[in-house]
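Hi,

Here is the structure I promised to pass on, with the sequence alongside. Have a look at it first, and then read on for what turned up.

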Amino acid sequence: MSFWGQFNLMNPSSPIQEEMLLFHDHAMVLLLGIFSFVAILGMTLLLNKFSSRSILEAQTLETVWTIIPALLLIWLALPSLRLLYLLDEQSNSSVTLKSTGHQWYWSYEINNGDSYDSYMLKDTNLLEVDNRAFTFFGLNTLVITTSADVLHAFTIPSVGMKMDSVPGRLNSMSMYLNMPGIYYGQCSEICGANHSFMPIVVESKF
């Protein structure tokens, strides 16, 4: 990865992550526009020799700088609400993958009844595990997560997935992978001393 490539988000591997990248670019356009406008206005005020101390009110100006930010917030809120709806939508799933967080490893169970534990391997940059979670690309996979002890978080950045694993509660999210490959993640909740030693690896197969 190049130096400039590290300033952007990871390449998307699912439609949800693609939508997240689009929303990120959409929000950056607004933020850069506001930053540029404020910077230009600030420089203009610093270099201006005229004084406005005698101006007591400007009704038109106050109306404009109230309406324009409201419109900009609506421009940002509409795609945000659409993205939240897409994240919450659950299509008919062909595969169900249940993940259970433990201190400090993951347990997986597939809808055919197979279950196994997934421990981190030594000398692998804290990413590789002995038993990967398997799924198929091009099929909707329902991922269900919970915890057996403390709060964990099932997170795979390139897929756009982040769910809290809460004891006594089942959280679910649909996962649709565009291509076969190996996708890495980690618990993103500070769940204890060995929090950084419980990676998540999902392998997508044909």
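The largest pocket has a volume of about 310 Å³. A pocket here is an open set of points on a 1 Å grid over the protein atoms alone, with protein on both sides within 12 Å along at least five of seven lines; a cavity is a set where a 1.4 Å probe fits but cannot get out, and lining residues have an atom within 4 Å of a point. Grid points are joined across faces, edges and corners, and a volume is the space filled by probe spheres set on the points.

Please keep in mind that this is a predicted model: local features need pLDDT of at least 70 and side-chain atom pairs count only at pLDDT 80 or more, while totals for chains, interfaces and linings use all residues. Residues are numbered from 1 along each chain as its sequence is written, and side-chain values use heavy atoms, with hydrogens and water left out.

Back to the pocket. Its lining includes Leu30, Phe37, Trp65 and Leu76, and α1 (15-47) and α2 (59-88) each supply at least two of the lining residues. Helices (H or I, at least four residues) and strands (E, at least two) are DSSP runs, numbered from the N terminus. By class, eleven lining residues are nonpolar, one is polar and none is charged. In this scheme Ala, Val, Leu, Ile, Met, Phe, Trp, Tyr, Cys and Pro are nonpolar, Asp, Glu, Lys and Arg are charged, and the others, Gly among them, are polar.

The search of the whole structure also found one cavity of 30 Å³ or more. About 30 Å³ of space lies in the largest cavity, and β8 gives the largest share of its lining, four residues. Among the lining residues are Ser14, Ile16, Val159 and Gly160. The classes here are five nonpolar, three polar and no charged residues.

Now for the strands. An open sheet of five runs in the order β3-β2-β1-β5-β8, with mixed pairing; two strands pair if DSSP finds at least two bridges between them. β3 (115-118) and β8 (171-176) stand at the edges with a single partner strand each, so one side of each has no neighbour in the sheet. β2 (residues 105-110) pairs with β3 in the antiparallel sense over four bridges, and Tyr108 stands opposite Tyr116 in β3.

Ser158, between β6 (152-156) and β7 (161-165), is buried, with a relative accessible area of 6%. Ser94, between α2 and β1 (95-102), is partly exposed at 48% relative accessibility. Buried means under 20% relative accessible area, exposed over 50%, and partly exposed in between (1.4 Å probe, protein chains only). Leaving aside neighbours within four places in sequence, Ser158 is in contact (heavy atoms within 4.5 Å) with residues including Met10, Gln17 and Tyr183.

Lastly, some backbone details. Most residues other than glycine have a negative phi, and most peptide bonds are trans. The peptide bond from Gln103 to Trp104 is cis, with omega near 0°, and Trp104 sits in the loop between β1 and β2. Leu126 has a positive phi, near 65°; Leu126 lies in the loop between β3 and β4 (133-136).

Best wishes
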